[in-house]
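Biologist: I'm new to this one. Could you pick a single part and walk me through it slowly?

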Amino acid sequence: MMFQTIFSQNIVSDTIFHEVNRKETLFSISQKYDVSVNDILEFNPKLRNSRLRRRSTILIPVFNSVKETITVNKDSIETSYNISKLDSIYFKKRRKKNQLKVSVLLPFRSATINYDSIKEVESLFEDRNLYTIALDFYSGVLYAVEDLKKLNISIKLNVFDTENSVNKILEISNNTEIINSDLVIGPLIPRNFETLSNLEFLESIPKVFPLSTIPIKIIKGVVLAVTPRNLLRETMLDYLDKKIDRDENIVIIADSLNEEIDNRLTKIFPNSIKIKPEFEGYILPELLDSLLVDSLPNKVIIESEIFTLISSVISQLNSQITSERDVRLYTTYRGNQYDDPSINVKDLGNLGFTYTSISKKINNDSISQFESNYINLFGSFPNKDVIRGYDVAKDIILRVLIDNNLNKTVKYDEQLYTESKFSYKIDSLGGLYNSAIYILKHKDYDIEEIIDQ
């Protein structure tokens with residue numbers, strides 16, 4: 001026998017900073033925000049033993065009503081939540097532990113930089129490289145730690161410079177701060193990360209691989225915060241299979257390094273036209289022109305990480321678009337080559353370029369609250385590596401606080417942050433990997449998420 005009971009439950013969906021005005025009391029503030037005095041005290045425990053001071057700032061919880069479904073049979077009771085934000089779950093559990101020791105291992109290369117040389121420092125930070133990425137990612141982690149203070153969470157952050165050296169990582173691994181950590185974030189490079197993750201005496205400590213889609217072993221203790229490349233591809237293959245009509249003019253462009261995915265696409269679209277790039281990574285314009293038609297929609301799928309090929313195909317396809325000729329572009333894996341400033345974003349918009357991604361860029365005409373807070377803290381505008389650092393750190397820290405056994409947190413709903421989302425699954429080797437994926441499409445100068453898949 002089985003039945004379901006559905007009832008409403010209030011959970012914390014957001015928080016608001018309130019500056020206390022003259023003559024305000026906890027009761028008047030609670031009436032203003034439609035919350036109880038006890039709710040305010042839960043988020044501001046120091047107020048239990050001190051007076052409310054004018055111009056001080058307190059935290060106000062914002063509640064959403066959600067449905068909780070309980071499925072009951074004669075042997076067991078299961079509870080599932082339609083909405084479960086990790087900060088709300090953390091408060092609901094009311095764990096006594098609200099302090100964490102977090103170690104961050106990043107390649108700052110501080111020992112080899114001559115900081116007395118202005119020219120050397122300026123040249124290092126002029127372009128995006130491993131060291132600027134590390135610094136930006138780290139500032140995002142710092143921002144997350146600062147943000148989590150609103151939840152009365154205390155974090156001791158230990159930072160280590162790996163110098164992008166395996167020997168340095170082995171030296172760092174014996175540091176007592178590492179050994180006593182509740183969580184380790186980094187290193188960034190797969191080889192360096194696996195050097196650390198393969199050390200048996202650190203197996204019980206969660207170690208987060210945060211940025212690269214290059215495959216790593218997801219063994220026990222490893223948390224792959226990036227959705228694996230093969231999962232991104234499988235999701236896109238499924239999307240193409242469902243959405244592209246076999247009667248349309250389908251053109252597949254794949255270089256020699258992508259023969260496997262080329263064969264997969266050919267099986268899905270047996271009547272497609274295949275183009276092999278020239279030796280130097282180019283396609284003859286006249287060849288591409290001859291293969292596109294006016295009578296049918298043209299669906300072009302490109303599989304390459306060679307910048308010259310990607311750039312030339314985008315440029316050529318864009319020049320082929322007319323009022324009579326419709327051209328759309330797809331890929332099963334979008335590498336960093338598409339971020340090159342020489343690729344015109346408007347061209348990608350004209351082609352409706354569609355792909356899977358681990359993150360979704362903020363598209364705001366005005367500065368968001370996240371960006372405004374970051375600017376106030378650090379004095380600069382956050383880039384994608386800053387935002388990634390924030391999203392990864394906030395999610396994983398909350399998970400560790402909720403349960404020391406991270407594998408138990410896979411039951412919670414997909415968690416959405418600033419640009420990234422996380423939905424962890426347990427790998428066959430015992431580690432965790434992120435399975436959350438965006439399907440994105442360029443439109444004009446913006447990028448929109450495809451919800452209906």
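Modeller: Happy to. One definition to start with: a salt bridge here is a side-chain nitrogen of Lys or Arg within 4 Å of a carboxyl oxygen of Asp or Glu. Keep in mind too that this is a predicted model.

Now let's look at lysine 207, which sits in strand S7, residues 207–209. Lysine 207 is buried, yet it has no salt bridge. Which side chain of opposite charge is nearest to lysine 207? That would be glutamate 203, 7.7 Å away. A salt bridge has to be within 4 Å, so glutamate 203 doesn't qualify as a partner.

What does the side chain of lysine 207 reach, then? It gets to the backbone oxygen of isoleucine 205, at 2.6 Å. As for its other surroundings, leaving aside residues up to four places away in sequence, lysine 207 touches Val184, Phe193, Leu196, Ser197 and Leu202, along with Gly221, Val222 and Val223.

To put that spot in context, step back to the whole protein chain. It has 453 residues, and 47% of them are buried, so lysine 207 belongs to that buried share. The secondary structure comes to 15 helices and 19 strands, with S7 being the strand that holds lysine 207. Among contacts in the chain with a separation of 6 or more, 67% are between residues 24 or more positions apart. Finally, the accessible surface of the chain is about 23,600 Å², and carbon and sulfur atoms account for 48% of it.

Methods: Residues are numbered from 1 along each chain as its sequence is written. This is a predicted model: local features need pLDDT of at least 70, side-chain atom pairs count only at pLDDT 80 or more; totals for chains, interfaces and linings use all residues. Side-chain values use heavy atoms; hydrogens and water are left out. Helices (H or I, at least four residues) and strands (E, at least two) are DSSP runs, numbered from the N terminus. Buried means under 20% relative accessible area, exposed over 50%, partly exposed in between (1.4 Å probe, protein chains only). Lys and Arg count as positive and Asp and Glu as negative; His and the chain ends are not counted. A polar contact is a pair of N or O atoms within 3.5 Å; within protein, one must be able to donate a hydrogen and the other to accept it, and residues adjacent in sequence count only if both atoms are side-chain atoms. Contact means heavy atoms within 4.5 Å. Accessible areas come from the Shrake-Rupley method with a 1.4 Å probe; for residues, only the protein chains shown count as cover.
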